[in-house]
Amino acid sequence: MVNDKAIFVLIDSELTRQTNGFELIASENYASDQVMRAMGSILTNKYAEGLPGKRYYGGCEVVDQIEQLAIDRLKALFGAEWANVQPHSGAQANAAVMLGVLNSGDSILGFDLSHGGHLTHGSPVNFSGKLYKPHFYGVKQDTGLIDYETLEETARSKRPKLIICGASSYSRDWNYERIRRVADEVGALVLADISHPSGLIAKGLLNDPLKHCHIVTSTTHKTLRGPRGGIIMMGEDFENPFGIKTPKGDLKKMSALLDGAVFPGTQGGPLEHIIAAKAVAFGEALSPEFKDYGKQVITNAQVLANEMTDRGYSIISGGTDNHLMLIDLRSKNAHLTGKLAEETLGKCHITINKNTVPFEERSPFVTSGIRLGTPALTTRGFKENEMQIVADLIDRALTNTENNSILKEIRNDVKSLSEGYPLHA
Ligand SMILES: *Cc1c(COP(=O)(O)O)cnc(C)c1O
């Protein structure tokens, strides 16, 4: 059956890598067997441009049911009024939203990339910074918390059409209500990009953006633990979605705009095998066990943050409300860079990413920080005790960056602890 040895041997090597190491990249997780079965299915053979019941191709009667199930489950999971499950990724979901609600040259206001935001929130190297006029808010230097005053002042002076909240490396919850208030004042739409914490939000473990933000986007592969992909949702039929005085009843107009911005606006045929896998993941996330998982993800992150703090590492904002933390390494050792930390931990099979810290003085290729997240290790079954061991091993590695025999010992400890926790359930 399988004769492309080159690729399948490499896939086996990657399985070994994923099995024998600690995965602490905050945006990664382990999808379940049934999610992967759906992804690897014959659904990849089908073209289905359009939406369920409104396709441009014949033979869609089965994929229509699959996509409708994905939509219905997603709406139930978040209590959404409307959803589109076709975006190929989080970046595609954001591209579709911006194409749908903005004209090129419009001003947007997003969270600064160097403070923890995402490329698609206005970075000059991304479509969002090239096609639109980006402005940014960030965190306060002394607290590491979102600077809502600056956000409000910038919204009032720049009058953006779209305010984007959500981040890739911010460990605290968001005040969506406050952002919506200033958006209403200046006539802006609010987009919450919950790509990172969506699995926690789905189970009520963090503030609910759907109550306050006009549009919500997410990936499906981070805390939501599904296949790689994106989604767009709207929570309510807001009275004033365009900042123009209109009566209620705009959800229909707005959803047509967003559906059209996904296809034909920015994508061609949807990936029905991925949509089936999304439906499986939404089904898993609807189960009560997924709430236990989410709670454990947060507990594990808080234990890890405390343990790292006790060992002299400074956590930006002082702790975490969610699944991740950003560590400023300078507090531990002024010469320890994010790059060296990532390389050293890599030698021990502890996978993390270097990350700029707010008000960073080093280049993004070097950085003064690292980002740690607990979704993947929690899926494997790690709990509080294991997180203490993880913190200990990380600290031992980072205080012995030049000592290869100690790093080798740590690698063996990582492997033997990992062996007790199989990847898939
Ligand atoms: C991960 C992420 C994305 C992009 O997701 P991709 O699937 O990698 O395109 C968008 N926004 C935020 C905030 C993210 O963290």
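Reader: Over how many bridges do β14 and strand β15 pair?
Author: This is a predicted model, in which local features need pLDDT of at least 70 and side-chain atom pairs count only at pLDDT 80 or more, while totals for chains, interfaces and linings use all residues. Residues are numbered from 1 along each chain as its sequence is written, and side-chain values use heavy atoms, with hydrogens and water left out. Strands (E, at least two residues) and helices (H or I, at least four) are DSSP runs numbered from the N terminus, and two strands pair if DSSP finds at least two bridges between them. β14 and β15 (residues 369-373) pair in the antiparallel sense, over 3 bridges.

Reader: Which residue of β15 is the bridge partner of Lys354?
Author: Strands of a sheet pair through backbone hydrogen bonds, either parallel or antiparallel. For Lys354, the bridge partner in β15 is Ile370.

Reader: Which strands stand at the edges of the sheet?
Author: The open sheet has 4 strands in the order β11-β12-β15-β14, with antiparallel pairing. Each edge strand has a single partner strand, so one side of it is left without a neighbour in the sheet; these strands are β11 (314-315) and β14 (353-355).

Reader: What angle does the direction of α12 make with that of β14?
Author: α12 packs on the sheet and touches β14 and β15 (contact means heavy atoms within 4.5 Å). Axes are lines fitted to C-alpha atoms, for helices over the stretch in contact, and angles run from 0 to 180 degrees between N-to-C directions. With the direction of β14, that of α12 makes about 170°.

Reader: At what angle do helix α12 and helix α14 pack?
Author: α12 covers residues 338-347 and α14 covers residues 384-398. Their axes are 9 Å apart, and the angle is about 115°.

Reader: Which residues of α14 make the contact with α12?
Author: α12 supplies Ala341, Thr344 and Leu345. From α14 come Ile394, Ala397 and Leu398.

Reader: At what angle do α11 and α14 cross?
Author: Helix α11 spans residues 288-310. Its axis comes within 9 Å of that of α14, and the two cross at roughly 40°.

Reader: How much area is buried between domain 1 and domain 2?
Author: An automatic or database domain assignment gives domain 1 (34-285) and domain 2 (288-419). Buried area is the accessible area (1.4 Å probe) that two parts lose on being put together, summed over both. Carbon and sulfur atoms give 61% of it here, and the area is about 2,200 Å².

Reader: Which three residues supply 26% of the area that domain 1 buries against domain 2?
Author: In all, 26 residues of domain 1 are in contact with 26 residues of domain 2. More than any other three residues supply comes from Ser171, Arg172 and Arg225.
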